[in-house]
There are 2 protein chains.
Amino acid sequence: MVMRLSGKLENRDAWVTHGVCPIEKAMGVVGSRNAMLIMREAFYGTTRFEDFGHRVGMSDATTASNLKALVEAGLLTRSSYKEAGHRTRLEYVLTEAGRDLMPVVVGLFNWGMKHAAAPPPLAIDHDGCGTHVDVRLVCDAGHEVATDDLELRVAR
Amino acid sequence: MVMRLSGKLENRDAWVTHGVCPIEKAMGVVGSRNAMLIMREAFYGTTRFEDFGHRVGMSDATTASNLKALVEAGLLTRSSYKEAGHRTRLEYVLTEAGRDLMPVVVGLFNWGMKHAAAPPPLAIDHDGCGTHVDVRLVCDAGHEVATDDLELRVAR
DNA sequence: AAGTTGACTTTAGTCAACTGAAGTCAGTTC
DNA sequence: GAACTGACTTCAGTTGACTAAAGTCAACTT
């Protein structure tokens, strides 16, 4: 059986579910500035401990603990690699779960660009055609969905 | 690999811009668990101080300071309204800037659903046709963009 | 006139995340 | 063999977000 809640909370109090909300789970993983910026760096292609640290602007200790948490949460993998003439190093690379967060990162990026007082001269484009990329809400039937036409469904 | 950097962005270290990144700006506003959950509630249609507090599960003091911060950041408006037989009350309603965050909230929701060990029986649907809503990366030319085809560009 | 309600503020304290600085340790270059 | 490098760990201290509990205050009900 399925209960429909229209956009305007008909029964919101019937399912106050502290701790089970998927948004809470996601924020537990990438809900701090540094964790999200590490994901940003991983999307940009950064792979090494040292680079994550200085590009995000955080201390060694914080870099270590954040990377560890993201590996444990399954967003990054940690593996060693070897370049000729160098000792073995570690690299941190996005997993599929990590790549699945890409729309969120792009969404935050575009939101920040749109609403910043002085946005930096950056943009995210489609590599194929060079036009600007945005995040859109699309349903399985292919409709573009407006904010007002979203509906939260509770299955029972 | 995941994202191509064009032009001078090929050297990522040439533009380490602590504090200017739009993602940092966005995380400064909704980068805590409670701030994001307040936005969730606002999307669900919650408008009153008391309801935000108990539905998110936070103390009065935290409710007050988070709502205040979100109003100051321009994501919510605070206004009074009057129902017959009741005193005037305050309501907190999403602004356009707040609604612009919707794709991020839906993205976090769906990410949490996909990657939770035991996802709750919830889903976000299109109110018009009842099918599941997801966030997609779409360029201005209308192409659906894969994670690997994103490019960060610096405007000159 | 007394009581209730909604939206707070204040106080006092906890806790997790962060910082800088220093130390560790194995492998690589000189 | 000595110095260097990358990826850490450890330590001591700070900051910011959060909590519970109590107090405030104006508007409304009884």
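Modeller: Let's open with the surface near DNA strand C, which has six nonpolar, eight polar and seven charged residues. Nonpolar means Ala, Val, Leu, Ile, Met, Phe, Trp, Tyr, Cys and Pro, charged means Asp, Glu, Lys and Arg, and the others, Gly among them, are polar. Please keep in mind that this is a predicted model, where local features need pLDDT of at least 70, side-chain atom pairs count only at pLDDT 80 or more, and totals for chains, interfaces and linings use all residues. Residues are numbered from 1 along each chain as its sequence is written, while chains are lettered from A and ligands numbered from 1 in the order in which they are written.

Biologist: Which residues are the closest to DNA strand C?

Modeller: A residue is near a strand if its C-beta atom, placed from the backbone, lies within 6 Å of it. Here 21 residues surround DNA strand C, and the closest are Asn34(A), Thr62(A), Gly85(A), Arg87(A) and Ala61(B).

Biologist: And which element gives the most to that surface near DNA strand C?

Modeller: Elements are DSSP runs numbered from the N terminus: helices are H or I with at least four residues, strands are E with at least two. Helix 4 of chain A gives the most, with four residues. At least two residues each come from helix 2 (33-44) and helix 4 (60-72) of chain A, and from helix 3 (49-56), helix 4 (60-72) and strand 3 (88-94) of chain B.

Biologist: How many residues surround DNA strand D?

Modeller: There are 22, the closest being Phe49(A), Ala61(A), Asn34(B), Thr62(B) and Arg87(B). Helix 4 of chain B has the largest share of this surface, four residues. By class, the surface near DNA strand D holds six nonpolar, eight polar and eight charged residues.

Biologist: At what angle do helix 2 of chain A and helix 1 of chain B pack?

Modeller: Axes are lines fitted to C-alpha atoms, for helices over the stretch in contact, and the angle between N-to-C directions runs from 0 to 180 degrees. For this pair the angle is about 155°, with the axes 10 Å apart. Angles under 35 degrees count as roughly parallel, over 145 as roughly antiparallel, 65 to 115 as roughly perpendicular and the rest as oblique. The two helices are therefore roughly antiparallel.

Biologist: How many residues of chain A are in contact with chain B?

Modeller: 78 residues of chain A are in contact with 77 of chain B. Helix 6 of chain A gives the most to the chain A side, with 13 residues. That side divides into 42 nonpolar, 17 polar and 19 charged residues.

Biologist: What share of chain A counts as buried?

Modeller: Buried means that 20 or more other C-beta atoms, placed from the backbone, lie within 10 Å of the residue's own, exposed means 12 or fewer, and partly exposed is in between. Of the 156 residues of chain A, 36% count as buried. Ala64(A), in helix 4 of chain A, counts as partly exposed because it has 14 C-beta neighbours inside 10 Å.

Biologist: How many helices and strands does chain A have?

Modeller: Six helices and six strands, in the order β-α-α-α-α-β-β-α-α-β-β-β from the N terminus on.

Notes. Two residues are in contact if their C-beta atoms, placed from the backbone, lie within 7 Å.
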